[in-house]
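Please read them with the structure open.

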Amino acid sequence: MRKVAVSSWATSTFTKGTTKSVFDLACEASVQLIRDNGIPANEIDAVLFSSCAADQYSSAIVSEMLGISPRISHRIDNLCNSGTNAVASAFAFIASGLCNMALVVGTEKIDSPGNKLLWDVTRGSFMFPVHWAAIFAKAHMKKYGTTEEEMAMVSVKNHKNATKNPRALFGKEVDLEEVMKSKSIASPIKLLDCSAPCEGASAILLVSEEKARTLDNPVFIKGIGQQTISASFAKASPDLTTVESARKAAQIAFERSHTKPSQIDIAELHDAFTILEIIAYEDLGFAKRGEGGKFVNQQQIAINPRGGILGCGHPVGATGVAQVAEIASQLAGKAEKRQVKNCKTGLVHNLAAAGSSASVIVMGV
Amino acid sequence: MSYLKGTEGCYGLVEMSGIKLIGSFDTLELKDGSKVKMVRCGVRPNGTPYYFFEPVKG
């Protein structure tokens, strides 16, 4: 199997209320990536489009708009996990020799059907993601004594990180009191425990090892783990204090990359709700089971340096791609104001639909 | 408790013979492991299902 590197990336400013289409957004990020890095577009032989938008045949449309005629072109739609799944597919295509240079572009509009889970009848009337997040939070609080303040600190941290990211939806810090006093949405989840759906795009270019050798600071994908448990919330996790799909995906990713959790310097974790970042600490082996709440203030691993989903906003199909772009830029030493010093090994963790599926990607220089 | 418009009220996870559902309750006096029975269910005009439960006394 060939090695695969992330060679370049571009992420648009995440926003709300744009009149641009998903195709306009996708092309903006892609064109920026191609122009800023002098990429010969005719060498791109795969285009993978990540989005939950209703538009059909979107990968071919984006390819044509970009003037690319790739050998491989298709769309990947897997709710919040779409972008990371698209990266995994591009990795596999290159590793197997099916292509040499794959453009992965993720984008979303705020009215995406991916924001409401109407198909899952086990959720009854409670089809918004916040309802299952509240059930996870209650379970973690009851079993381990995790507090609402510990969850709120995740929001405080990630909003603070987002102030260093000019492309984040939120550019303002929030303090503990603001989070705690924000409107209750589904107890114990409050407004500032929740991410906001928004619009934006992110594009990355994956290349074969041969092409990566010509780069100054290649960032390699060292291992990927993916796991789908179910589609419905009801079957996703027998124990509601853990996300089973993420635990399994992490185990696979660590095995394939020959990496241990203690070797991770920097991570992008799925924090659509604050409780999910706390559970992720435990599922990834950063913290012992039940100690995620107390791990929030640790300094050993830089967690969500771009601001996470809480600080950046959540354009569903773009999120996973933007997470990989962030870790690549950090490991390449090109993360501008938010650069974390001396990071060599990074991790991306992403989930969909109550953690019914997950992806974990380990990257390194 | 959910405070979202259209889904206000008490809700929770119910297990029925191995099938898990998120249902609505008219009471806040439920604890983990409480026995409940389904009192009504159906599909709203907008296509979303609903399941209502109440505690089993005794």
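1. The model is predicted. I begin with chain B, where buried residues account for 19% of the 58 residues. Its C-alpha atoms fill a box of roughly 35 × 25 × 15 Å along the principal axes.

2. Chain B has 4 strands and 0 helices. Read from the N terminus, its elements follow the pattern β-β-β-β. Of the contacts in chain B that link residues at least 6 apart in sequence, 23% are between residues at least 24 apart.

3. One pairing in chain B deserves a look. Strand E2 (residues 19-25) and strand E4 (residues 49-55) of chain B run in the parallel sense, paired over 2 bridges. B:Ser24 has B:Phe52 in E4(B) as its bridge partner. As background, strands of a sheet pair through backbone hydrogen bonds, either parallel or antiparallel.

4. Next, the contact between the chains. Chain A contributes 16 residues and chain B contributes 18 residues. On the chain A side, helix H4 (129-144) and strand E5 (184-186) are the elements that give two or more residues. Which of the elements gives the most to this side? E5(A) does, with 3 residues. By class, the side of chain A that touches chain B has 9 nonpolar, 6 polar and 1 charged residues.

5. In chain A, look at helix H5 (residues 148-162). H5(A) has 15 residues and spans 21 Å from its first C-alpha to its last, close to the 21 Å expected at 1.5 Å a residue.

6. Is H5(A) mostly covered or mostly open? Mostly covered: 11 of its 15 residues are buried. Among them are A:Met151, A:Val154, A:Val156 and A:Ala162. The buried set also includes A:Glu150, A:Lys157 and A:His159.

7. What do the buried residues of H5(A) pack against? Their partners in chain A are H4, helix H6 (176-181), helix H10 (274-283), helix H11 (292-295) and helix H12 (308-312).

Key:
Residues are numbered from 1 along each chain as its sequence is written. Chains are lettered from A and ligands numbered from 1 in the order in which they are written. This is a predicted model: local features need pLDDT of at least 70, side-chain atom pairs count only at pLDDT 80 or more; totals for chains, interfaces and linings use all residues. Two residues are in contact if their C-beta atoms, placed from the backbone, lie within 7 Å. Ala, Val, Leu, Ile, Met, Phe, Trp, Tyr, Cys and Pro count as nonpolar, Asp, Glu, Lys and Arg as charged, and the others, Gly among them, as polar. A residue is buried if 20 or more other C-beta atoms lie within 10 Å of its own, exposed if 12 or fewer, and partly exposed in between; C-beta atoms are placed from the backbone. Two strands pair if DSSP finds at least two bridges between them. The expected span of a helix is 1.5 Å times one less than its number of residues.
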